[in-house]
Each structure stands twice: as C-alpha cells, then as structure tokens.
Amino acid sequence: MSQLRIAGGTVYDPAHGVSGEVRDVCIDGGRIVDGVPSSAPRLDASGMVVMPGGVDIHSHVAGSSVNLARRLLPEEHDGDPATAPSLEPGEWLARSGTGGTVPSTFTTGYRYAGLGYTTVFDAAVAPLFARGSHGELDDTPIVDAGFFVLLGNDEYLLRLIAGGERAQAREYAAWLLGAAGAYAIKIVNPGGVELWKRGVKDRVGLDTPVGPTQVTARAILETLVDAANQLGLPHAAHIHCNDLGVAGNVATTLASMRAVDGCRAHFTHLQFHAYDVAPDGTRRSGARPLIEYINAHPEISGDVGQVMFGPATTLTADAAVEYLLHKSSGRRWVNVDVELETGCGVVPYTYKEKHAVSALQWVVGLELFLLSADPWRVVLSTDHPNGGSFLAYPELIRLLMDRTYRDSCLARVNQALLAGSAMADGLAREYTLDEIAVITRAAPARLLGLQHKGHLGPGADADVTVYARDADVSKMFATPRYVVKAGTLVVEEGQLRRAPRGQRLHVRPDYDAAVETPLRAFFDRHSTVSFRNYPVGDLRDAPMLVGRT
Ligand SMILES: [Zn+2]
C-alpha cells in the first residue's frame, strides 16, 4: 500500500501553523503529498487527533551501557516478559523480548512505535562500542534511529586542545563522527569523567585543570560547541553539564551556558542540573533562574529530563555520579572505564513521592516545562530510562495539560524541599495539544535538523500518529489508534501489525585528511584497537549531507 488518505482527522502540525484543523493527510511512496486519487486506500480519522510521529531527542536504547543495565536487572526481565507481537503474515521477524525500564531491542522498537514515536536517538555511545550500537539498532525495528558520540573526555581530543590545536580538534571530531557512524557530538561532565577514571572524586569546576593535559571543562565546551557549529552538523553539541545531581549545580549550569554565550548549543536533561541551595543549606529548586536564562537566549535549547515516580535505571557516561548514587541508595552498581574515551556507570533507582529529593526533582522538571517561554526550545524527555521509562511520556503529558490532576499529585508528594518553589506557589499553565505536538515532535525534529520529520508538509517522511480522543489524555497518548511509519501502517486499531526496518540517521562530515597521520601514531602507541579496525565502516543507509558554515 503505497498510497493512503488519512481522512477527516483533527490535525496538529505546528511547523505549518496547523492547530486543530479538520483536514486530510495524504501519503504516497513513504512521503506526505498534497493529494492522492479518491480511489486510494482511506483511513477514517474523523473525531481523532492527527500528529506527526513522535521524535525522541534524548534516550538510551542501544549500546554497551544499555546492555550492562539489561544484565544488571534480571528481575525486570522476569517481571515484564514481552511475547512476540502478532504481525501480518510475511512481516519481518516478530520477536519476543523483555520489558521493564530497559527493554530488549525488539521490544524497544515495538513499544516506541506503539506509543506513536517513530524516531529515537541514543544520547551516549562511546566510539569504541559504536559497532555494537549499530548492531543493536539494526535489531530495533520500526523507528528511525541514530546516536550521539561521546567526546567530552576523549584523550586524543584533550591532547589537541592542550596543544592549542583547536582546528585539528574540529577535524578530529569530524573524522570521529564518520568513523563511529554517529549523528551528533555528545559532551558528558566535560573533564570530570577523565578525573574520575584517575581516582579523583573532586568536583570539576569550569576552570579546573584536568589530568596531565590540564585542559578545562570550559575549553572542552568551547572547542566542541564550535566544532559542531563550524562543521554545520544538523544538531548542536549536546551537553550534559558538570555537577549532575549536586545541590547548587544550577550555578555550574548557568556558567556553562555563559561559557558558550551566543553559540548554538543543546543542554540536556536540564532538570538534573537545576538545583539551588537555600540559605539554611538545604537543596531547593533552581528551575526559575535556569529557565529565565534559556528564555532570554534563543541560541540555546534543552530537553527537560523529567523524573517520573516509579522504577528507573540510571545509566550514564558520568560514572562519578553513579558512584555517589550507589553510595547513597545502596543499590547495585556497575562501573566501566572505556579506554582513552569515557566511562560508564549504571545504578537501578526508584523515585518515590514520599522521598524529599525525588519530589523536588519531579517538581523542578515540571517547573522547567511550565515556565518555558518557547516550547520550540525546551522539549520533552525523561532521559529514558534515567528519569523514568519512555512509557511514562503519556502520564507526563497529562501532568502538563491538566492542572487539576497535577495539583492533586503535588498535594501527595513530600513537601520538605518545596518551600519557595514556583510549583508550590501555584503554576496555572496547561499545555495545549498544539504545544504537546511541538515538544514531542515538531521541536525535537527541528533541533535535530531533521527537515523531513516532525511535520506533515509535502515531502515530509510519512510518519503519522492518530490518537482517539479520551477524557484522560494519558490514555489517549499511551495507545494511539493508528501509527504510520514511512507510509506503512504499523499500528492498526491499537495493535502492532507491521514492523518494517527503520533508517539509520548519521553524518559523515568531510575532514582534513592530515588529521589521520598523528591519529594513527596515537592509536599504535596507546590503543588496544588498531586504527584500521576502529571505524564501523559503511552503514546500510547513506549519511545525511552536512555542509560547513
Ligand atoms: Zn541521557
């Protein structure tokens, strides 16, 4: 079925200013088109809500840290077995799997599609393990997917910066993106992971000299933000700041934003970086100064990293954070140092309403959403599975759209750290369906530079989600009636029926070939992997074209 008319739905397509208009959406050959013949197959969407497919800008779904989490949590596999879906005859393999906070690959693809999401990015892949991540994404059906490559603690990069070779650092970043088959540059706790690997548990300030290279977090941020912009990458440098989770860290986050003032940059899971300290020394919300800064700086974007009550699995390249969480929670812990590149830690965790810090985190995330002046620049994430599973997005949408419900939830949570917070003072805002369409598809697509996604204009990828209205919007968003991916009807009457392969989204920027000679020598001297074997090689899908500015 290459043609389809989704007829009579109430369409939300904020990229084109369409907000709740009854109109048809036509599809031909995997793309949105202006029209199809009246004889084309027709899907009656009257009374239903039609949006572009969801786009997740920051998740963890493939790669070594995700696999470590799966191995750490056998009880989750037991607790949420996922039988193979009943797909149409002839469909690509239907596979059983496991769910929980870190589902198996096939289940991840099925469940994202079942939620109406059609594009997902893994936010943190060590280049050394990129090949494995591609293998896992090959086994994650339906969704178009890619990943961001970790560069903020990369030994070779730090040496180039220390040597004052920032232009070479940019060329190295370009080479590495192509070698890893990555989509964007990721920075995690710049310099801090490198110090942690050397046994130093101190916090890293923006101007703390790190290790033998004595490079600072500020220099790492400046270099990589510049590189992403000068290389013309579709997405800005994606930044996880220093001091994640630490009381008072909002000062670090603001200082990091000022360090790259005027430059396009994306700051991720803002909620985990928005804590202030009250005069009596207790932790309190720092959401207001942070969001006011973002509101006033159109070059900056972020995703929230909302915490949702219930089970989660924290997994991050920021291994130092995981050590602290392991110590404070007493939960199981994995730490991995990745040679020359980065680190990784995993700790399962449960956010509880009656736990003061959990309640503060929940409130801080909601404040960021509710005080954001521009939904195109502050988008939805739970940092799956760190703040909660992607399956919690519908509940999060209800919290944003329904103040009465939100206030009833707020009344139940531990109030110990909420004094003076904007939420406790009362925030009346309720997101509209149009704004939800912005923060879950249109804006993430735009921030990622995905010109064919997040909208329903002619030429767009035919990724479309159709929701049956429900008084409870969390139900509406949890179980779309129809989902179309690249023109294929994958969810029909709420049931997953088809599971086509998704596309790999990656870039391969041009780079100055002179960067390879010293890099090869560095590999020969320090790496357990040969230079020749390091790149992942050609991927099935062509890289997205990028152009230098
Ligand atoms: Zn993350």
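**Close-up views of a predicted model**

**View 1. Strands β18 and β19 pair in this predicted model.** Between β18 and β19 (residues 342-351) there are 5 bridges. The two strands run antiparallel. Within the pair, N335 faces G345 of β19.

**View 2. An open sheet holds 3 strands.** Their order is β17-β19-β18. The pairing is antiparallel. Which strands stand at the edges? They are β17 (310-316) and β18 (334-338). Each has a single partner strand, so one side of each lacks a neighbour in the sheet. From one strand to the next, the twist averages 15 degrees.

**View 3. Helix α1 packs on the sheet.** The helix spans residues 64-72. It touches β17, β18 and β19. The direction of α1 makes about 45 degrees with that of β19.

**View 4. The largest nonpolar core counts 139 residues.** Which of them touch the most other members? Y172, W175, I185, W362 and F477 do. Helix α12 (residues 356-371) gives the most to this core. Its share is 11 residues. Another core, of 19 residues, lies apart from the largest one. V11, V18, V50 and A462 are among its members.

**View 5. Y172 and its contacts beyond its sequence neighbours.** Neighbours within four places in sequence are left aside here. Y172 is one of the residues that touch the most other members of the largest nonpolar core.

Terms used: Residues numbered from 1 in each chain as written. Predicted model: local features only at pLDDT ≥ 70, side-chain atom pairs only at ≥ 80, totals over all residues. Heavy atoms only, no water. Core = buried A, V, L, I, M, F, W, Y, C linked by side-chain atoms within 4.5 Å. Buried < 20%, exposed > 50% of the residue type's maximum accessible area, 1.4 Å probe, protein only. Helix = DSSP H or I, 4+ residues; strand = E, 2+ residues; numbered from the N terminus. Contact = heavy atoms within 4.5 Å. Pairing = 2+ DSSP bridges. Axes fitted to C-alpha atoms, helices over the stretch in contact; angles between N-to-C directions.
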